[in-house]
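Here is a short briefing on one model. It covers a metal site first, then aromatic contacts.

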Amino acid sequence: MTIQIGIDLGGSNLRAAAFGDGPVPLASHREPVGENRAPEVIVERLARTIDELAGSAPGPIPVGVGVAALLRDRRGTVAASPHLGWRDVPFGALLARRLGPRYRLGVYNDANAVTWGEAVAGAARGCRDVLAVYVGTGIGSGLIIGGQLVEGASNCAGEIGHTKVRWDDHAAPCMCGARGCVEAYLGGRYLLARFRRELAGSQVATTVIERAGGSIDAVTPSHVDAAALDGDAWALGLWTELAALLAVALGNALAVLNSERLVLGGGVLGRTPGLRAMTEIDLMLVAPPASLEPLTVAAAELGDDAGLIGAARLARDGVSILE
Ligand SMILES: [Zn+2]
């Protein structure tokens, strides 16, 4: 049987799976990324995992790696990965050299791999024009146009998280160094900071803190979402603001892309049905009517597995294989 291997190298876990023809793994593996994140150490661990999953299967075996990083080229050079603490690391070249000619390696942005997975076997099955947006700690997104994954001239297309939704003196600072990025409002790390800031020494009348067991530090987006759905004024006000900002970013992207399927997922949006619904309502007002006509919005279906399926399938399909 021919197999493909998919890897998801995230900030917390290193996950890997071998696939045959379908989206169900033949074998899988998961371990924490751990403390030592030196590139050569990670490369060696990946190579061993890949060898184990490959077993005695005949080569060349496609291996796709989705990595939580901003890439610089089609050779898997990591420009920056705050999650891994890497900057200017020739990750793809190191891994390709270690793996040798038995494997055909492709390195992908993790959101791109996830998006491809949803298109192969999930919420965007059968769609040729897809925008997928994942709101988690940060915001990742992937684009498919005319059935092709769009990676861009230097492999950083689709960074919708860093499109601007405010551009004035009060625009929120973003970890990318700019201000006013939609990620600086909706990204989980910014949300939590904002909850703490607004609720500290609270003069605010809200049920959110008691929903979190009395501790401001325990307040999550789910608590705020439940409170907003119950009509809590503070939660509803915050969600109203944030839904509008996300809808502006999505609406602008859809005006450019004319996608047929918008996939929404990620650790924040996956747990905040109220915020998602409010965003979709605003989107209907913000996006150009012509771009809404062919559009359906769907929740991501595959969760953590999407990145593994997508990376394996991109490598099998010969997308951005290292020569
Ligand atoms: Zn930014």
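The donor residues of the zinc ion follow the spacing H-x11-C-x1-C-x4-C in sequence. The model is predicted. Its zinc ion has four protein donors: His 162, Cys 174, Cys 176 and Cys 181. Elsewhere, ring pairs join Phe 195, Trp 234 and Trp 239 into a cluster.

**Zinc site**

- His 162 donates through ND1. Cys 174, Cys 176 and Cys 181 each donate through SG.
- These donors lie 2.0 to 2.4 Å from the zinc ion.
- The arrangement is tetrahedral because the angles between the four donor atoms run from 104 to 118 degrees. Four donors count as tetrahedral if all angles lie between 85 and 135 degrees.
- For four tetrahedral donors the ideal angle is 109.5 degrees.

**Where two of the donors sit**

- His 162 and Cys 176 are both donors of the zinc ion. The pair links distant parts of the chain, 14 residues apart.
- His 162 lies in the loop between β11 (148-149) and α4 (183-186). Cys 176 lies in the loop between β11 and α4 too.
- His 162 has a relative accessible area of 24%, so it is partly exposed.
- Cys 176 is also partly exposed, because its relative accessible area is 43%.

**Aromatic cluster**

- The whole structure holds three aromatic pairs.
- One of them is Phe 195 with Trp 234, an edge-to-face pair.
- Trp 239 has a relative accessible area of 0%, so it counts as buried.

**Charge over a ring**

- Which ring lies under the charged end of Arg 179? It is the ring of Trp 167.
- The charged end of Arg 179 is 5.2 Å from the centre of that ring.

Methods. Residues numbered from 1 in each chain as written. Predicted model: local features only at pLDDT ≥ 70, side-chain atom pairs only at ≥ 80, totals over all residues. Heavy atoms only, no water. Donors = N, O, S within 2.8 Å, 3.2 Å for Na, K, Ca; no water. Tetrahedral: all angles 85-135°; square planar, octahedral: opposite > 155°, others 65-115°. Helix = DSSP H or I, 4+ residues; strand = E, 2+ residues; numbered from the N terminus. Buried < 20%, exposed > 50% of the residue type's maximum accessible area, 1.4 Å probe, protein only. Phe/Tyr/Trp six-rings, centres within 6.5 Å; stacked < 30°, edge-to-face > 60°. Lys NZ or Arg CZ within 6 Å of the ring centre and 35° of its normal.
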